[in-house]
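Colleague: I have a new structure on my screen and would like to learn how to read it. Please take me through it feature by feature.

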Amino acid sequence: EAVIEPAERVEVTLAARPFGVTPSSKAEGYVVLKTSEGKPAVKAGVRPGWRLVSVAGESCEGLDTNDAQAKLKAAELPVALVFEAVPGNADFCTNCQEILAASLFSRKMRTKPPEKRRCSACVEAADAEGAEAPEAEAAEKGGGYSAASGSKLSELKQLCAETAAEAQTVTGLRAVRGGSAAGRGRGRGGAKR
């Protein structure tokens with residue numbers, strides 16, 4: 001298990017409201033979950049995972065999110081904020097909302113913008129839920145998909161076959177199935193054989 005380095009403190013000054021910061025609902029204290037594009041916090045460089053330490057020189061340590069947010073709202077502009085940044089050997093998972101060792105994130109996930117990063121455990125959990133969802137949805141709808149096949153291609157082929165059969169029932173016309181040039185008739189560059 002990797003040891004996370006101590007967090008570096010970063011001071012920013014915000015001169016306009018709204019700041020464009022959404023706090024985490026799961027983390028202890030006021031931790032930035034996301035920032036809004038074009039707002040003062042983004043322009044000042046605030047990033048997801050940063051923990052608010054002080055507002056206008058007043059400590060926020062030990063305060064819950066609501067109390068820290070009240071300090072932010074009451075502060076006169078421009079306001080100096082101090083944050084603990086996410087350490088260099090760590091990253092912030094926007095799903096479980098925790099600062100975790102960088103080794104718990106895939107290399108591909110670390111290339112994504114900070115507001116979209118999720119740890120490997122959260123990605124795997126979402127993939128497992130995603131794999132179960134289509135099967136449950138198909139069973140719920142009573143569709144003729146073969147959930148056991150697990151293959152998107154076979155599901156698509158099944159859907160096409162069902163649609164063709166339904167169209168034949170409604171219109172009375174049979175679906176034309178391609179094959180040889182002789183079976184296709186005119187329009188293929190030669191006389192009918």
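Colleague: Let me start with one residue. What is the relative accessible area of S36?

Modeller: Relative accessible area sorts residues into buried (under 20%), exposed (over 50%) and partly exposed in between, using a 1.4 Å probe and protein chains only. S36 has 30%, so it counts as partly exposed. One caution: this is a predicted model, so local features need pLDDT of at least 70 and side-chain atom pairs pLDDT 80 or more, while totals for chains, interfaces and linings use all residues. Residues are numbered from 1 along each chain as its sequence is written, and side-chain values use heavy atoms, leaving out hydrogens and water.

Colleague: Where is S36 found?

Modeller: Helices (H or I, at least four residues) and strands (E, at least two) are DSSP runs, numbered from the N terminus. S36 lies in the loop that links β3 (32-35) to α1 (40-43).

Colleague: Which residues does S36 touch?

Modeller: A contact means heavy atoms within 4.5 Å. Leaving out residues up to four places away in sequence, S36 touches G20 and V42. G20 is 16 residues from S36 along the chain, yet their C-alpha atoms are separated by 4.8 Å.

Colleague: Now the whole chain. How many helices and strands does the chain have?

Modeller: There are five helices and eight strands, and along the sequence they follow the pattern β-β-β-α-β-β-α-β-β-β-α-α-α. Of the 193 residues in the chain, 28% are buried. Taking contacts between residues at least 6 apart in sequence, 51% join residues at least 24 apart.

Colleague: In what order do the four strands of the open sheet stand?

Modeller: Strands of a sheet pair through backbone hydrogen bonds, either parallel or antiparallel. Two strands count as paired if DSSP finds at least two bridges between them. Here the order is β1-β6-β4-β5, with antiparallel pairing. β1 (9-14) and β5 (58-59) are at the edges with a single partner strand each, so one side of each has no neighbour in the sheet.

Colleague: Which strands does helix α2 touch?

Modeller: Helix α2 (residues 65-74) packs on the sheet and touches β4, β5 and β6 (79-84). For direction, axes are lines fitted to C-alpha atoms, for helices over the stretch in contact, and angles between N-to-C directions run from 0 to 180 degrees. The direction of α2 makes about 45° with that of β4.

Colleague: How many bridges join β7 to β8?

Modeller: Four bridges join β7 (residues 90-93) to β8 (residues 98-101), and the two run antiparallel. Look at opposite residues: D91 faces L100, and F92 faces I99. A90 and F92 point one way from β7, D91 and C93 the other way, and all are buried. In this hairpin four residues lie between the strands, and Q97 takes a positive phi near 60°.

Colleague: Is T94 buried or exposed?

Modeller: T94 is buried, because its relative accessible area is 16%. T94 lies in the loop between β7 and β8. Setting aside neighbours within four places in sequence, its contacts are L33, P114, E115, K116, R117 and R118. Compare A121 in helix α4 (residues 120-141): at 53% relative accessibility, A121 is exposed.

Colleague: Last, the pockets. Which part of the chain supplies the largest share of the lining of the largest pocket?

Modeller: On a 1 Å grid over the protein atoms alone, a pocket is an open set of points where a 1.4 Å probe fits, with protein on both sides within 12 Å along at least five of seven lines; lining residues have an atom within 4 Å of a point. The largest share here, three residues, comes from α2. Lining residues include Y30, Q69, L72, K73 and F83.

Colleague: Which strand gives the most to the lining of the second largest pocket?

Modeller: That is β7, with three residues. A90, D91 and F92 are in this lining, along with others including W50, P114 and R117.
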